[in-house]
Amino acid sequence: MPFRRKKISIIGAGQVGATCALMAASRDMGDVVLLDRDAGTAKGKALDILQAGAVQLFDGTVRGTIDYADTAGSDVVVVTAGSPRRPGLTRDDLLAINAGVVASCCREIKRSSPEAVVIIVTNPLDAMTFIASRELGFPRQRVLGMAGVLDSARFRSFVAEELQVSVRDVQALVLGGHGGSMVPMPRHCFVGGVPLTQLLAPERIQALVERARLGGDEIVGLLATGSAYYAPAASIVQMAEAVLRNQRRILPCAALLEGEYGVSGLFVGVPCLLGGGGLEKVCEFELDATERAAFEHSVARVRALVDDLSRLGL
Ligand code: APR
């Protein structure tokens, strides 16, 4: 059988989508398709990325399109389409706008790439992943939300800066919903194998936790015209690469829980084993009383967001 290159399609060629396409192409993860409702944006950015390859020496194809037929048979599809957060506009405000966008994209993905692993990025993430799963009707192995990798990257970078060590040597775990309702786990954060709790005072850890929790808002406030995209794109690419290269990475992702951690029927951030089939396993571990309380609080916020969807008839 001839060797078939992997295919990754990115829906939404805005800041997050285009940066993700550049990173995926430069890591030679497969053929990249960048789709947007605006043809000029999709085609222009794809062409620009392709030409970057001539300098940075990556070979794959990058195609811009408005037509889902060009995404057909994708191995991974990433959904970034929608409106980004803006100052004064909370994630929850975006619910109604982005629910419609994500649902329409997923109807197309279901037709064009019925075997794909779909990674949802559009915010509010926990609700959008729920909408996507409903529209796609795919098994839970193939619908994931990108949140935990980004949230833990933010926490790790603050820890590395504080301790003046390489971020490579900082491992962290977050659970729960995205952003404000995420649950960092300082007890499971290690720096060069040493528990963070032995290296920093509890109040310093708490300050870094809070900064990570509000990490997206800090960037929205600084940019004033949009939201973060470099770290989100890098986080998407890490998840997509784990699937496309069957890496069997353990990464925090939003996954549909079926009884794990005592939760059913909701997408919540948990450590996931990611391989060629998408979500190969939800990794469960013991939470202490404080962690359990914070996790349950976060789950309640995710549930409230999903209840808002039905209240709004979405
Ligand atoms: N189909 C295809 N593309 C769409 C659609 C649609 N139905 N609706 C919107 N888009 C496209 C827009 O044309 C735009 O190019 O989605 C893109 C969104 O890009 P940006 O506005 O630059 O937003 P971005 O910063 O990339 O954020 C996208 O990711 O992290 C999340 O909160 C963020 O929900 C937001 C999403």
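## Salt bridges and a ligand pocket

By the rule used here, this predicted model has 19 salt bridges, a salt bridge being a side-chain nitrogen of Lys or Arg within 4 Å of a carboxyl oxygen of Asp or Glu. In one of them, Arg5 pairs with Asp31, and their closest N and O atoms are 2.9 Å apart. Arg5 lies in the segment before strand 1 (7-11) and Asp31 in strand 2 (residues 31-35), so this pair ties together parts that are 26 residues apart in sequence. Helices (H or I, at least four residues) and strands (E, at least two) are DSSP runs, numbered from the N terminus.

A word on how to read the values: because the model is predicted, local features need pLDDT of at least 70 and side-chain atom pairs count only at pLDDT 80 or more, while totals for chains, interfaces and linings use all residues. Residues are numbered from 1 along each chain as its sequence is written, and side-chain values use heavy atoms, with hydrogens and water left out.

The ligand sits in the largest pocket. Helix 1 (15-26) and helix 3 (95-112) are the elements that give two or more residues to the shell around the ligand, and helix 3 provides the largest share, 3 residues.

How many residues surround the ligand? There are 18, and the closest are Gln15, Val16, Asp36, Thr80 and Asn123; a residue counts as near if one of its heavy atoms lies within 4 Å. Sorted by class, this shell has 7 nonpolar, 9 polar and 2 charged residues.

| Residue (polar backbone atom) | Ligand atom | Distance |
|---|---|---|
| Val16 | oxygen | 2.8 Å |
| Arg37 | nitrogen | 3.3 Å |

The ligand has 730 Å² of accessible area on its own, and the protein covers 85% of it; such areas come from the Shrake-Rupley method with a 1.4 Å probe.

Finally, take a look at two spots in the backbone. Asn123, one of the residues closest to the ligand, is joined to Pro124 by a cis peptide bond with omega of about -5°. Pro124 is found in the loop between strand 5 (117-120) and helix 4 (125-136). Asp28 is not a glycine, yet it has a positive phi of about 50°. You will find Asp28 in the loop between helix 1 and strand 2.

Notes: A polar contact is a pair of N or O atoms within 3.5 Å; within protein, one must be able to donate a hydrogen and the other to accept it, and residues adjacent in sequence count only if both atoms are side-chain atoms. On a 1 Å grid over the protein atoms alone, a cavity is a set of points where a 1.4 Å probe fits but cannot get out, and a pocket is an open set with protein on both sides within 12 Å along at least five of seven lines; lining residues have an atom within 4 Å of a point. A molecule sits in a cavity or pocket if more than half of its atoms lie within 2 Å of its grid points. Ala, Val, Leu, Ile, Met, Phe, Trp, Tyr, Cys and Pro count as nonpolar, Asp, Glu, Lys and Arg as charged, and the others, Gly among them, as polar.
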